[in-house]
Amino acid sequence: MVYDAFVLLSFGGPEKPDDVMPFLRNVVRGRGVPDERLAEVAEHYYHFGGVSPINQQNRDLLAAIKKEIDLPAYWGNRNWHPMLADTVAQMRDDGVKHALGFATSAYGGYSSCKQYWEDIAKARAEVGPGAPVISKLRQFWDHPGFVGPHQNAVRAALATLDESRRETTRLVFTAHSIPVSMAKTAGPTGGRYEAQLHETARLVAGHDDWDLVWQSRSGPPQVPWLEPDINDHLEVLQQRGVTDVVVSPIGFVSDHLEVLWDLDNEAADTAKRLGLGYARAATPGTDPQFVTMVRELVQERTDGAPLQRLGTLPVWDDCPVPCCPPPQRRGA
Ligand SMILES: CC1=C(CCC(=O)O)c2cc3nc(cc4[nH]c(cc5[nH]c(cc1n2)c(C)c5CCC(=O)O)c(CCC(=O)O)c4C)C(CCC(=O)O)=C3C
Ligand SMILES: [Fe+2]
């Protein structure tokens, strides 16, 4: 297979206050989420001036990737400009025939993986004849270029806490909560989102003495999502005699709004109220190891370079069909 371009696939985020509500309506399109719920989430964005850091983080990542790979590199989002369909139209105009796509999510499951395949299919359908083919690069939860930066960040965060309390300091990993039904059907045999997160946590920690908990739950209260929430878990840890926590958001590749709001605001406040020492570990962002990982994932496909991986769960290039069905529409 000859690939003639690279495309960064991401979530997208607002870059000014007037973007916020239209962006949120795009995120929940077709789900029947009331504007009142969106207005609540919008406040998190307004707190940061209506600007999510995610787009700038992707511009920075793309610039770093361009220095590493020989292909023309593009960027398109699911929910905000640059929208993937506009990018695919540009790629067609530039004569691109078959691109490799890198999604800013390491794991399997509907929101993290399958939905990016859907984004590609929708964007290509919108562009119509002549739209380039886009093959998504594989999931990378156990790649040394993803695990390494998280590992260094955990070490750095731990170093900011009081060393005399190391015995009662707990390592807590977080990832985006998802509906339990979505977790059950993640990957070709189910449960893959949680299984991969457990594998990543074990690889980052280098031992088994940690907790994996969840953040950023949304959706109606009667729908079960993965639990416990990080804030509830901090209460439990404090009751058990834990004095300090290192919180490592292994579910994410950059310090976007869900990290800044849900961890640096909410969870940090909870820790303060409970008298817990708190250090949030960084995400990979544009760490050189992470950028090198992107190049190595490309080279797996272009040069048949060996798979770089630390774990043992199965990995594959193209999504087996059927897997990771979309969530049930509300009332459906
Ligand atoms: C697994 C997962 C990831 C990690 C993988 C990946 O990175 O892809 C992720 C990332 C992100 N989620 C983000 C933001 C939002 N997620 C929402 C809603 C939801 N997320 C879900 C799952 C995930 N989400 C789910 C099952 C829903 C509900 C159903 C739905 O509607 O799909 C909503 C709607 C409002 C609400 O109800 O809270 C918002 C605003 C941002 C942008 C942050 C920024 O702007 O910096 C990012 C990177
Ligand atoms: Fe989300």
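Visitor: Is Asp119 buried or exposed?
Guide: This is a predicted model. In it, Asp119 counts as buried, because 25 C-beta neighbours lie inside 10 Å. The cut-off for buried is 20 or more.

Visitor: Where does Asp119 lie?
Guide: In helix 5.

Visitor: And which residues is Asp119 in contact with, leaving aside neighbours within four places in sequence?
Guide: Leu9, Arg78 and Leu84.

Visitor: What about Asn77 and Asp119, how are their C-alpha atoms separated?
Guide: By 8.5 Å. The two residues are 42 residues apart along the chain.

Visitor: Switching topic. Which residues does the UniProt annotation "binding site" cover?
Guide: Ser52 and Tyr116, according to the unreviewed UniProt entry.

Visitor: Take Tyr116. Where does Tyr116 lie?
Guide: Tyr116 lies in helix 5, which runs over residues 110–127.

Visitor: Why is Tyr116 buried?
Guide: Because 24 other C-beta atoms are within 10 Å of Tyr116.

Visitor: What is Tyr116 in contact with, beyond four places in sequence?
Guide: Leu9, Ala103 and Lys136. Leu9 is also on the contact list of Asp119.

Visitor: Now Ser52. Where is Ser52 found?
Guide: In a loop. Helix 2 (35–47) is on one side and helix 3 (54–68) on the other.

Visitor: Is Ser52 buried or exposed?
Guide: Ser52 counts as buried, because 25 C-beta neighbours fall inside 10 Å.

Visitor: Which residues does Ser52 touch, not counting those up to four places away?
Guide: Gly13, Pro14, Tyr45, His256 and Leu257.

Conventions: Residues are numbered from 1 along each chain as its sequence is written. Chains are lettered from A and ligands numbered from 1 in the order in which they are written. This is a predicted model: local features need pLDDT of at least 70, side-chain atom pairs count only at pLDDT 80 or more; totals for chains, interfaces and linings use all residues. UniProt positions are given in the numbering used here, feature names are shortened, and annotations may be inferred rather than shown by experiment. Helices (H or I, at least four residues) and strands (E, at least two) are DSSP runs, numbered from the N terminus. A residue is buried if 20 or more other C-beta atoms lie within 10 Å of its own, exposed if 12 or fewer, and partly exposed in between; C-beta atoms are placed from the backbone. Two residues are in contact if their C-beta atoms, placed from the backbone, lie within 7 Å.
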